[in-house]
Amino acid sequence: MDQLEKHSYDVLIIGAGGSGLRAAIAAHEAGLRVAIICKSLFGKAHTVMAEGGVAAAMGNRNPHDNWRVHFRDTMRGGKFLNNWRMAELHAKESPDRVWELETYGALFDRTKDGKISQRNFGGHEYPRLAHVGDRTGLELIRTMQQKIVSLQQDDARRAGMPSGAHDGRLKVFAELTVTELLLTPSGAVSGAFGYWRETGRFVVFKAPAVIIATGGIGKSFKVTSNSWECTGDGMGLALRAGSTLLNMEFVQFHPTGMVWPPSVKGILVTEGVRGDGGVLRNSEGKRFMFDYVPDVFRAQYAETEDEADRWYDDPDHNKRTPDLLPRDEVARAINAEVKAGRGSPHGGVFLDIASRLPKDEILRRLPSMTHQFKELADVDITAEPMEVGPTCHYVMGGIEVDADTAAAARVPGLFSCGEAAGGMHGSNRLGGNSLSDLLVFGRRAGEGAAAYVKALQGSYPVVPQVQVNECMQTALAPLERADGESPYVVHQELQQVMNDLVGIIRRADEIQHALDVLEKLNERSRHLAASGPRDFNPGWHLALDLRNMLLIAECIARAALLREESRGGHTRDDYPAMSEEWRKVNLICSLSADGRSVEVVKQEMPPMRGDLMALFSVEELKKYFTPEELQHLPAEDRTDVERKVEVS
Amino acid sequence: MAQGHFRVWRGNAEGGDLVDYDVEVNEGEVVLDVIHRLQATQAGDLAVRWNCKAGKCGSCSAEINGRPRLMCMTRMSVFAPGETVTVTPMRTFPVMKDLVTDVSYNYAKAQEVPAFAPPPGLAPGEYRMAQEDVARSQEFRKCIECFLCQNVCHVIRDHEENKQAYSGPRFLMRIAELDMHPLDSLDRKRSAQDDHGLGYCNITKCCTEVCPEGIKITDNGLIPLKERVVDRKFDPLGVLKQKLTRR
Amino acid sequence: MTRAASPSLTAGRATIPARTLRTDRWWQAPLITAVLLTLWVAYATVRVFTQRAYFVERYHYLSPFTSPCVTASCPSAARDLGTWLPHFPPFLPFGVLFLPFLLGFRVTCYYYRRAYYRAFWQSPPACAVAEPHGKYSGETRFPLIIQNLHRYFFGAAVLLSLVNTWDAIRAFQGKTGGIGLGLGTLIMVANVVLLWAYTVSCHSCRHIVGGRLRSFSRHPIRYRAWTFVSKLNAKHMQLAWTTLATLLITDGYIALVSAGVFGDLRIYN
C-alpha cells in the first residue's frame, strides 16, 4: 500500500457545482475550514449546462409575482408530491439568493429600468427566470467560483499577505473522486476516502461534517443531457453510509434534447426557446401541444393558437401557450406524437423559432443555441426548425434530507443539497427551479453543517484505519484483475436497459425485466478489470463509478415498480392515472442488510401546513388530495385576497 | 461508417510519442467521439479530459492537426476523406498523461486578479445597471475557461519564462471585464500593466482566432484595456489630468 | 536572431519536436502580408523621393503623398495652406514634414502591428507556430512601448484627413475654372472617404469617443458614437488594406495624368 495523503477540515463538500460552491461560501462565512472536492476541473461542473435561468419571484417583470405564486407553481409542477417545506423555503429565499449573486459580480440581463430581467418558462405563471442569454448556469458557476477566489483573497489579506489568495481555510481539490464515506462506530460521519484522478493516489479526508452536492444520475441512461460526472456518486455514498434516498422513480426527461446527429443525441435544447416564442410542431406542421393539455392544467393554458400568440405580449389578459406546460407533459406528448408516426425524420418533433422571431432577435436571445446547432448539426435555427426529442435530464429523487438544515436521514454529520438531495421538486421539477434550488439549499446545507460542527465543540471523530484499508482494497480491485469484464461494456448495457425499460414510459413487466438484467450486471460488475497504470486511467475511473450507477439504477427500478400510478416524471403505462392515495406516499430506498442490493419501502408524507394549503382553491386541491386530507380545511381560507388580485 | 486514421500523442512528463490508430468513424461524429471509441475499444487507459460534450464547459481542449480546438466541437466532416487526424495535448502546459495537461497555471493567475469590489453601501437587490452598461462585460463572461487562448498565446507558449510576469489573454480579459463592470469600485488599469503583463501582448490575435465562444478577446478586451492603461500611464495629458483631478 | 530551443522541449511539456503540427498553409497569410507591405513601401519610397508628377494643376489633383504642400519647392497653385518654409534641397523630399505622422499612425495602428509582428518579426508567424526568437518582451520596453502613443498619431491623422478632404474638394475644379468632375475627382473623393473610415475606425478613436467610459447609460450621445465607431472598428483590417490600395491608386493615377501618359477622363468640364 502506498503512502496516504491526509487532510483535516471542519466541513467537507463533495461536488463543486452550484450547490456545493454555495454551501462552501456559507460554511466559510460561518468561520469554518472548508474543503471542496471536485470530480473534474474547478468550474466545469454540470451546472454550466443550465441554460434558461434561475427562478426567483422578484417581480421585476410582473409586479403580481411573489413567493406564494412561485410556491403554488412549484407544487403544481411537482403534482403536490413536493416536500412542501422545501418548496416554501425555496420560494421565499430564492430572490435574496439571486440578488446576492450580484454582489459577487454576476451580470444578469437587465430590464429597461436596470433591474434583473426575467423570462417566461414552463409552469411558471409569471416571467420569473433571471437569466444571462442562454448561459445562465455558466454565469452562476463562474460567479461562485470567483466568489470562492474572493474569499481566499480575503483570507490572504487577513493572514497579512500583500496580495494573492490563501487557501488554508477554503481549498478546492480538483479532479479528485470520493469512493467512500468514513464513519464512526456509531454511524456518524468522520470523513471520506478518495483518489486523485491524475495520479491515482489515495487521499483521506478527516471531517466531522460532509455535504453531498454531487448532482445527478443521468449517465445511467443512454440518451441524456448529463455529462460523464453525473454518475450518482453522492447517492451511492449516502446509501452505503446508511442514509436513505427518496422517490428515486421520478426522473425528468427534458422534452427537448437534440436528436441528430447520433453523437450529440441528448444534448439539451433550452426551454428558453419556447419561452421566447418557439413552438413545437409535428411532421404535419401542426402545433400538437393543444391536444395534450391535461385536465388539471386546463384552466391555465390557451385553447387556440391565436390566444397563445397574444399571451407573449399581453400575459395579463391571455392564457399561456401549452408549449410551456411542465416538462413531463411536453415530454410525454412528444413521445406520443413520434409513436403515432408524426415525428421528424430522425425520430423527434420540430421546434420552430425561425418562423416566429426575426433573425437578429434569435441571435440576441439564443446565441449559444444558435451556435450549438450550427456547430454540431449544421442547422441554422434562424432559418429552419430544430429536431428535438426527450432526453434524461434530472432526477427529482435524491438523498432524504431535512428541509431546514439539509441534514441527511439517519447519518449524523451528513448533509446534502442540489440535485443530489430529493424532495424539493416532488414528481417533476419546473425549469429554472434547479438553479434556485442550488442557491437556497446550498446555503442552508453550508449553514446546517456549520451549526452541526460548532455543536460538537471540537470533539471531532477519528478515522478508523481498518475502514481506510478496506476502501483501498475495493478501489484497487479492478486494476489488479488480470482479465475481467470491460467497464465500458457493462456501462453501455446499463445505459441501454435503463433507457429501454425504465425510461419515459414504464410497465411492470418491463421494469421487472430490467431488474433481472441489473442483477446480472451487478454480478458482472464484481469482476470488472481495468488495464493500464493508476494515473489518469479512465477505464479504472469508470469501473469505480459503475458501482454507484448500478446501485442507483436499482433504486430507480425498484421504486418505479412499486409506485402504481403515473405522476410527473414517473409514467406507468399499466397505471396511467394519478392516485390520491399514492400522493401521500414517499418511497424510501436504503441499502439491504448484506449491502448487495437495495430495498424500497413506503413512508407517509407529513401533511401540508394549513396556511400553505390555503394558497390553493379547494377545487384544485380536490384533484390531488383525498377527501380525508381536505376535511379539516376551513371553507373561507381558500379564497385569499391574492388570488382575486391575480384573476382581475 | 468509415475507417479513420488517427495519431494521438501518448505519454507523460517523462516522454512520449505519437501513436497510430485505425478506428471506425460514423456520420455526424466529432473528434471526441472517436477518442472515446479508442478508449472503449483499443486504449482503455487513454487519458482525456471532457465533461459536457456540447462546447459549454471547456474541458476537452487539445490540438488537432496542430490547431488548438475543443475536441467536442471539431466535427469529423471538416477533414478530407483519408486525412490523418493528429491529436496532441495543449503545448503550453506541462503534460500529465496523454491528452491531459496540468492547467494549474491558469488557476494560479485567476487568484491574482482582485475580485469584484462591490460599491460600498449598496444592498443586495438595490443594484441597478442598464443593459448597455453590462453588455461589454457580459461578452467576456461567456468565457468557458477552455484555456485555448492561454495555450495559443506565443508570449508563454514559446517563452516559458514569461509565465511569471504574464497572466495571459483569459485573465487580462477578466481584468477588462471588471474594469468595465458598471459597479466595480476598483481601478485596475495600472495593475493590468504592472502586475499582469499586459505590455507583453502584441495583439497578434491568436487568442481571438481560437476562442470557441467567438469572444473578440483582442478587439473588445485587450486593446480597450491597453487604451485604458495608456490613460493612466503613458498619455502625458491623461497623467496630467489625473494629477489635477486628484487634488 | 537566435534560434530558441524548441519550446516543446521545455521541462514537463509533451515532447513534440515539430515546430508546428499544422497541416494547412499557415505560412501563406504572413507571406502575402510581407510581400504586399514591402511592395507598397517600396512604391511609396520611390514616389516620395523622386518628387515628380504629384500635382495636376489643371484640375487641382494633389497626391496624398505630398499633401499638404507648404514649401516653396511646391508649385504655387498647390500651396493652398500657404508657404511655411523655403525651398528644400533636392535630396530632401518635402514629404518628410507630414508623412512621418501618417506613417506613424499606421505603424502604431493595432491592426498593422498585428500584421507586421506576424509577417516580418515572425512573432508569431501564425497561431500555434513557434516563433524563432529566444527572448520576448513584447511591448513592455523601448522602443515598442512607444506604440502606446497611438492616440497622438490618431490626432495627427485626423488633421491630415481634413487636409485630404480639402484636397478632394479642390479636385472639383473644372478645366475652364469653376466646377468640374473627372475620374481623378472621383478617385480622390473615394480615397478620402475611405481614409476617414479607416481613421475613425481606429481603436484609439473608439476608446476616446466612448470606450473609456464606465457607464454608457449616463452618456447616451457618446454611447451612440461608440456604437457607430465599434461597427466600423470591426472592419479596421479591411479598411487598412483598402486604403493602402486607394492611396496607391490615387497617387498612381495623378502621376500618370500629370506625366501625360493619359489625360484625365472628364465627366463634366
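**Close-up views of a predicted model**

**View 1. A nonpolar surface patch on chain C.** W27(C), L31(C), I32(C), V35(C), L36(C) and L39(C) make up a nonpolar patch on the surface, with about 570 Å² of accessible area together. The model is predicted: local features need pLDDT of at least 70, side-chain atom pairs count only at pLDDT 80 or more, and totals for chains, interfaces and linings use all residues. Residues are numbered from 1 along each chain as its sequence is written, chains are lettered from A in the order in which they are written, and side-chain values use heavy atoms, without hydrogens and water. Patch residues have over 30% relative accessible area and no salt bridge, and nonpolar side chains (Val, Leu, Ile, Met, Phe, Trp, Tyr) are joined within 5 Å; a salt bridge is a side-chain nitrogen of Lys or Arg within 4 Å of a carboxyl oxygen of Asp or Glu. Areas come from the Shrake-Rupley method with a 1.4 Å probe, and only the protein chains shown count as cover. L36(C) sits in helix α1 (residues 28-50) of chain C; helices (H or I, at least four residues) and strands (E, at least two) are DSSP runs, numbered from the N terminus. At 41% relative accessibility, L36(C) is partly exposed, that is, between buried (under 20%) and exposed (over 50%).

**View 2. The largest cavity.** This cavity holds about 690 Å³ of space, and the whole structure has 14 cavities of 30 Å³ or more. A cavity is a set of points on a 1 Å grid over the protein atoms alone where a 1.4 Å probe fits but cannot get out, and lining residues have an atom within 4 Å of a point. The lining of the largest cavity has 48 residues, with H46(A), T47(A), G215(A), G216(A) and E419(A) nearest its centre. Elements of chain A that each supply at least two lining residues include α1 (18-29), β3 (34-38) and α11 (433-456).

**View 3. Helix α6 of chain C.** Helix α6 (residues 203-211) of chain C is largely enclosed by the rest of the structure, because 7 of its 9 residues are buried. The buried residues are H203(C), S204(C), C205(C), R206(C), H207(C), G210(C) and G211(C). In chain C as a whole, 48% of the 269 residues are buried, and the chain has 8 helices and 4 strands.

**View 4. Chain B.** Chain B contains 10 helices and 7 strands. Its C-alpha atoms fill a box of roughly 70 × 40 × 30 Å along the principal axes. Of the 247 residues of chain B, 69% count as buried.

Note on methods
Patches are made of residues with over 30% relative accessible area and no salt bridge: like charges are joined within 9 Å, nonpolar side chains (Val, Leu, Ile, Met, Phe, Trp, Tyr) within 5 Å. Buried means under 20% relative accessible area, exposed over 50%, partly exposed in between (1.4 Å probe, protein chains only). On a 1 Å grid over the protein atoms alone, a cavity is a set of points where a 1.4 Å probe fits but cannot get out, and a pocket is an open set with protein on both sides within 12 Å along at least five of seven lines; lining residues have an atom within 4 Å of a point. Grid points are joined across faces, edges and corners, and a volume is the space filled by probe spheres set on the points.
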